Amino acid sequence: MNQALKLPPKSVILLTKPEELIQKFSVLIGNEFKITGKTRTDGSNIRKLIASTLEKLILPEAAEKDSFEIVPPKGKGVPKITREFIDTYIVTSGDSYNLQVWNRLPASNTLLIKFDSGESLKCTDVRFVFLRIDLTKSTIASVVILTTEYIEKNFGKFGKPTIKHQLLISSKARKSIFESADKVLSYPDSKKLSYNITHHYTPPKLGMVEDPHIKELYSIALLKELVAKKLIGRKLDAAATKNRGQALERMVLELLGYNIKENELLYGAYPDIRNQLLEVKVQDSPTVDLGRFSPEREEFVIEEKNLTTFDVRYLIALTNPKTEIIEGIILTPGERLGDIFSFVSSESYKCQRNIPMSFFEKHYGKAVFNPA
């Protein structure tokens, strides 16, 4: 495949509309395509076929190499045909097709490509191109283009893989925070919380492990003044990352006015300071371990109060690994973390969704996009 197709478009708006892609790919219907039985070989061949079809037509203008950033490490999860943000799949036989998406959560808004212009391409922007192969004739029987939204609406949500969640904060992002006026990057609370929480400080009425009363939650704006700004310049005296995290949590609790005894065990669950729906993290390497819960995907944290990972507030202290001094702070609701940074995993993983073969049979001999 032409390496130029691995460059993203110059702008998101230049991506060819799916309806136009369908017209381009319709010429493939009836063409010979022999299945070798070797998954990687067949996958590569179908990708080359789609790529060569695109190259015969007008492609979106390519982005300059220094005008964008591939966010996931090693480009994991980024579509192979990046110029048109397309992933290709072969459908053959059986009662259902098992769609497997590697190294990204398809329905999440996690950044995959970030442009210097401020534009971005996310997991939900990927177009799925399925080529149905008629094994009896060794020909392409149909071409179907689907979006993530269509797949989940019609066939159910993608299965959630068991993975170790991490957040990638690039050196470029750290530098911009360090160079800002107050060295704090903050965003307002989630819409759900913003109309109920308080902007005025009164000492906590409950313990740190108690469920929060929404009207007694300190707003992010207040947390910034009470905690974030006062943490800048402080030193975390601890050997291990886990201990640094606990040391930071104790500092935050003290600044908030919670009574914590010197040797008292901390909560140790999610979020760290449950009473303030606040998760506390330390970052002195490119990644931050998020544990089992991640705001990459919305999940209930306190279901009876309708509070989710999107509502949880994240306070991330950016420390100097040599001096252990806090040089910057990130303070944001979970729903905004993926807009600024990238969620990654420590190992390869896949999300799956079964699609009935009857769906593809309905469109035999056709090229369609998100069919009714």
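Helix 2 (residues 39–55) buries Asp 42, Gly 43, Ile 46, Ile 50, Ala 51, Thr 53 and Leu 54, where buried means under 20% relative accessible area, exposed over 50% and partly exposed in between, with a 1.4 Å probe and protein chains only. This is a predicted model, so to speak: local features need pLDDT of at least 70, side-chain atom pairs count only at pLDDT 80 or more, and totals for chains, interfaces and linings use all residues. Residues are numbered from 1 along each chain as its sequence is written, and side-chain values use heavy atoms, with hydrogens and water left out.Helices (H or I, at least four residues) and strands (E, at least two) are DSSP runs, numbered from the N terminus.

**Helix 2 and its neighbours**

The buried residues of helix 2 pack against helix 1 (18–25), strand 2 (86–91) and strand 6 (127–134), contact meaning heavy atoms within 4.5 Å. At 1.5 Å a residue, the 17 residues of helix 2 should span 24 Å, and the end C-alpha atoms are 24 Å apart, which agrees; the expected span is 1.5 Å times one less than the number of residues.

How do helix 1 and helix 2 cross? Their axes come within 10 Å and cross at roughly 100°. That makes helix 1 roughly perpendicular to helix 2, a label for angles of 65 to 115 degrees (under 35 is roughly parallel, over 145 roughly antiparallel, the rest oblique). Axes are lines fitted to C-alpha atoms, for helices over the stretch in contact, and angles run from 0 to 180 degrees between N-to-C directions. Leu 21, Lys 24 and Phe 25 of helix 1 meet Ile 50, Thr 53 and Leu 54 of helix 2.

Next comes an open sheet of four strands, in the order 9-15-14-10 and with mixed pairing. Strand 9 (184–186) and strand 10 (278–283) sit at the edges with a single partner strand each, so one side of each has no neighbour in the sheet. Two strands pair if DSSP finds at least two bridges between them.

| Pair | Sense | Bridges |
|---|---|---|
| Strand 10 and strand 14 (residues 313–319) | parallel | six bridges |
| Strand 14 and strand 15 | antiparallel | seven bridges |

Leu 278 is bridged to Arg 313, Glu 279 to Tyr 314, and Ile 316 to Ile 330 in strand 15. Strands 14 and 15 form a hairpin with six residues between them, and Glu 324 in the turn has a positive phi of about 65°.

In strand 14, seven of its seven residues are buried. Arg 313, Leu 315, Ala 317 and Thr 319 point one way, while Tyr 314, Ile 316 and Leu 318 point the other.
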